[in-house]
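Please look at the sequence and the structure before reading on.

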Amino acid sequence: MEEVIVQEPSLFKEFLNYVVKLFAIIHRYIMSLNDKYEMFLSDKMLHFIVIGILGLAFLFVIYPLFKWLIDNHKLMLVSWIYVFTILIAITLLIEIGQDISGTGDMDFADIVSGLLGFIVMSGTIVIVRNIYLRLKNHD
């Protein structure tokens with residue numbers, strides 16, 4: 001008799017399911033408003049409007065933050081935040097791709113591990129750079 005191994009869903013899959021359900025609820029609500037007020041907007045038009053508004057909301061938060069950081073000579077921090085954001089997207093895509101292609105398991109811990117690698121390595125570079133600058137200025 002063969003033993004059946006039941007694999008529990010990963011934390012990352014559970015998180016993705018939660019996010020998908022949340023977006024489905026929001027989508028249904030927006031569609032109900034569309035129907036209620038007889039606006040007859042297509043799915044593409046709604047994506048255009050919602051993502052446009054969401055993007056502007058992020059921009060109104062991010063722009064003052066980045067401007068303040070740059071005004072305070074923190075361009076490296078702005079660059080770091082930008083790279084970190086890109087890495088979040090890349091690690092998510094890698095994990096989703098592994099699940100779809102069957103080349104690996106979709107695992108939230110893999111995402112955290114990869115991002116932690118960037119944090120540790122970039123932190124090391126900052127420490128080495130600060131030591132170098134202090135030694136250089138000490139002369």
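Relative accessible area sorts residues into buried (under 20%), exposed (over 50%) and partly exposed (in between), with a 1.4 Å probe and protein chains only. The model is predicted: local features need pLDDT of at least 70 and side-chain atom pairs count only at pLDDT 80 or more, while totals for chains, interfaces and linings use all residues. Residues are numbered from 1 along each chain as its sequence is written, and side-chain values use heavy atoms, leaving out hydrogens and water.

Val20 has a relative accessible area of 55% and therefore counts as exposed. Val20 lies in helix H1 (residues 11-36); helices are DSSP runs of H or I with at least four residues, numbered from the N terminus. Between Val20 and Phe66 the C-alpha to C-alpha distance is 30 Å, at a sequence separation of 46 residues.

A salt bridge requires a side-chain nitrogen of Lys or Arg within 4 Å of a carboxyl oxygen of Asp or Glu. The rule gives two salt bridges.

| Salt bridge | N to O distance |
|---|---|
| Asp99 and Lys13 | 3.2 Å |
| Asp71 and Lys67 | 3.3 Å |

Asp99 is partly exposed at 32%, and Lys13 is partly exposed at 31%.

Asp71 and Lys67 are four residues apart in helix H2 (residues 43-71), so about one helical turn separates them. Asp71 is partly exposed, at 48% relative accessible area, and Lys67 is partly exposed at 39%.

How values were computed:
Helices (H or I, at least four residues) and strands (E, at least two) are DSSP runs, numbered from the N terminus.
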